[in-house]
Amino acid sequence: MRLLAISDLHGDLEAAWAAVEAAQPDVLLCCGDWGDPGDVDPAELRELSERLPVYTVYGNHDDLEAVAEWTNADGSPVLLPDGEVVQVGSLRIAGISGIWAKSHRKPYYVTDEDIDELTLRLASATPGPDVLMSHACPVGLADRTWQQRHGGQSCFLRAFQALRPRVYLTGHLHRAQEHRTRDGQVVRNVGQTPRGDATLITLAPDGLEVRPFPFLEQTSAPTT
């Protein structure tokens with residue numbers, strides 16, 4: 001089984017299609033930011049999930065209503081439910097949507113308390129997730145911004161440490177990067193797919209192979 005992870009499309013579905021055509025995956029994963037309301041037609045989103053199963057979290061640039069209503073060809077939700085583990089083939093996948101904030105002023109804001117509560121719920125699942133996805137990042141693990149600052153948060157690091165997924169996929173920073181632990185866990189910030197950033201996960205007899213999948217020529221670093 002081959003899973004392709006993309007992120008931060010910001011309305012550029014052509015980039016998603018280009019990545020899918022290049023990788024020919026069995027499953028498509030996304031770490032959020034498909035595009036703000038009006039940037040993406042829900043009918044165009046459904047074309048992707050008619051091609052192959054899609055699973056996503058949402059970020060801070062998503063049409064939350066459209067993503068929540070989006071389903072796969074078999075009727076399963078595309079949006080990974082908070083606090084639940086979803087079986088995808090022989091893998092177990094979980095997602096934590098939103099970005100960190102100190103309040104709930106925006107519908108996509110999640111607080112420390114929210115993440116800690118979701119982590120406890122996910123930790124009660126046995127076995128836990130093989131693949132964890134979030135839009136936001138764990139501090140200190142593949143969370144460098146283009147300005148060389150840390151862009152992650154402690155609550156997502158606590159989730160990673162508690163759940164111990166084999167692979168943790170993130171986005172938001174528009175910079176592809178990776179951290180591997182001594183135990184072989186992989187944290188990959190998928191990057192920004194319109195720039196050519198994607199991640200390919202292959203289920204092999206000896207485990208999960210995780211590697212960058214740069215399907216387009218990289219461009220220069222963004223200034224913002």
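Select R180 and E178, whose side chains meet in a salt bridge with an N to O distance of 2.6 Å, a salt bridge being a side-chain nitrogen of Lys or Arg within 4 Å of a carboxyl oxygen of Asp or Glu. The model is predicted, with local features needing pLDDT of at least 70 and side-chain atom pairs counting only at pLDDT 80 or more, while totals for chains, interfaces and linings use all residues. Residues are numbered from 1 along each chain as its sequence is written, and side-chain values use heavy atoms, with hydrogens and water left out.

R180 is partly exposed at 45% relative accessibility, and E178 is partly exposed at 33% (buried means under 20% relative accessible area, exposed over 50%, and partly exposed in between, with a 1.4 Å probe and protein chains only).

Next, select E21 and R51, whose side chains form a salt bridge at 2.7 Å, N to O. E21 belongs to helix α1 (residues 13–23) and R51 to helix α2 (residues 42–51), so this pair ties together parts that are 30 residues apart in sequence; helices here are DSSP runs of H or I with at least four residues, numbered from the N terminus. E21 is partly exposed, with a relative accessible area of 42%, and R51 is partly exposed as well, at 36%.

Finally, turn to D197 and R195: are they buried or exposed? Both residues are buried, and they form a salt bridge in which the closest N and O atoms are 3.5 Å apart. Across the whole structure, the search finds 8 salt bridges.

Key: Helices (H or I, at least four residues) and strands (E, at least two) are DSSP runs, numbered from the N terminus.
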